[in-house]
Amino acid sequence: MIGIAGPVFRPGDEGYDAERRGYNLALDHRPALVVGATGAADVAAAVRYAAEAGLGVAVQATGHGVSVPTDGQLVISTARMKGLRIDPAARTAWFEAGVRWHEVIAAAAEHGLAPLSGSNPEVGAVGYTLGGGIGLIGRRYGYAADHVRGLDLVTADGQLRAVDAEREPDLFWALRGGKDNFGVVTAMEIDLVPLTGLFGGGLYFPAESAAAALHGWAAWTRTVPEEMSSSIQLIRYPDLPVLPEPLRGRFVAHVRIAWCGERAEGERWVRPLRELGPTLIDSLRELPYQEVGSIHHEPPMPVAAYDRNTALRELDADAVDLLLELAGPAAGAPVILEVRHHGGAYARSPRVANAVGGRDAGYMLFSTFLLELAPLATVREVHAALHDKLAPWSTGGAFVNFLGIDDTAADLVRACYPAEDYRRLADLKAVYDPGNLFRVNYNIPPAGER
């Protein structure tokens, strides 16, 4: 393709299948073109080509955030864009759109610094941050998007723009939370925090202690300081030799801990959790930030996953009982359930306002399941019932980074933002992408479009 230095893949080309697939295999995409961008110039040329050809544009770095099928459209793969540098004096990191969190973590650690990365260090840093970024130390520091200093962006006119609070302030507001609706971010600069490690890990409770663990954890979260981030997962592990022997084939309530303070104080805070009952595994320890991926130990290989999420105001005893009924050890349901504790810095407005929603949530309820283990229709029905029955505790919102393949309807995307913010996003979309070129995503249509 003229003006593009990187490879271009069409159906039938060698490498096409590998290039189009991402981490989440829930959708079998068949794009008309996949452009393997090597830099901002390739991205700009691909955007101009798509506009001329009438193709929608999708962006993929790692493919974790699968949304709608890209069939017949143009996919820009940013995986080859690996520029990364750390400024230890300014405590910042600059990276291109193909960089994954583990790369930023390793580079920052050399200077005693850390990014506000998420539970899975294999996720692309740019896409994660544009959707807000719910990380392992977020109750202390807020959303990752709250710490963005500037971005380089290719807009629908094929132009590369430098975007920050002084230059293009409206775009700067919209991009931090609005995902890929306003262009293709080719690079980003973020703040780093002075942090070398955490006291963290997991407490794995057996099925017979699941109710005590979930009730106990929910009550405990109402007492902890902002330095404590945590979540709990209810999961039935498969009987596979790659798993630790105590977990194989067992239902487990897994409490995840990330304490960014003195270890002794962290030990005092987790003592009530350890008193909830015997554990299959207690992996809590002082760990370097480079090992934070071990806290959630999410699957490293591509999977076909069905995801849903709901923002919850609170998690009282009645809500916990309902979760246990629907997804506990006796339910036998095709659900892997996670509840993440929010509040703290998540609830506060950032120094420079952005479009990230969910600041009124006390918790996030996330459900997932591997589609190779149950029919999609069954999984869809069970997960819909789960989230519908938790509606009395919901804020009415959701988190855009945790949307799944059934969450692309306009009303569901709209629920990720306060009403006033969504109207502003739609108005800005009409200014910067009136033709909705960037529509192969959790889409925010331009104001006035039906």
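Biologist: At what angle do the axes of α6 and α13 cross?

Modeller: Roughly 120 degrees, with the axes of α6 (residues 169-178) and α13 (residues 419-432) coming within 10 Å. So α6 is oblique to α13 (under 35 degrees is roughly parallel, over 145 roughly antiparallel, 65 to 115 roughly perpendicular, the rest oblique). This is a predicted model: local features need pLDDT of at least 70, side-chain atom pairs need 80 or more, and totals for chains, interfaces and linings use all residues. Residues are numbered from 1 along each chain as its sequence is written, and side-chain values use heavy atoms, leaving out hydrogens and water.

Biologist: Which residues make the contact?

Modeller: On α6, D170, L171, W173 and A174; on α13, D421, R424, L425, L428 and Y432 (contact is heavy atoms within 4.5 Å). By class, six are nonpolar, three are charged and none is polar.

Biologist: Switching topic, how many aromatic pairs are there?

Modeller: Six (ring centres within 6.5 Å, using the six-membered ring of Trp; planes under 30 degrees apart are stacked, over 60 edge-to-face, the rest tilted).

Biologist: Is F95 buried or exposed?

Modeller: Buried, at 0% relative accessible area (buried is under 20%, exposed over 50%, partly exposed in between, with a 1.4 Å probe and protein chains only). W101 is buried too, at 1%.

Biologist: And what do W217 and Y363 form?

Modeller: An edge-to-face pair, 6.1 Å centre to centre with 65 degrees between the planes. W217 lies in α7 and Y363 in β17, so the pair ties together parts 146 residues apart in sequence.

Note on methods: Axes are lines fitted to C-alpha atoms, for helices over the stretch in contact, and angles run from 0 to 180 degrees between N-to-C directions. Helices (H or I, at least four residues) and strands (E, at least two) are DSSP runs, numbered from the N terminus. Ala, Val, Leu, Ile, Met, Phe, Trp, Tyr, Cys and Pro count as nonpolar, Asp, Glu, Lys and Arg as charged, and the others, Gly among them, as polar.
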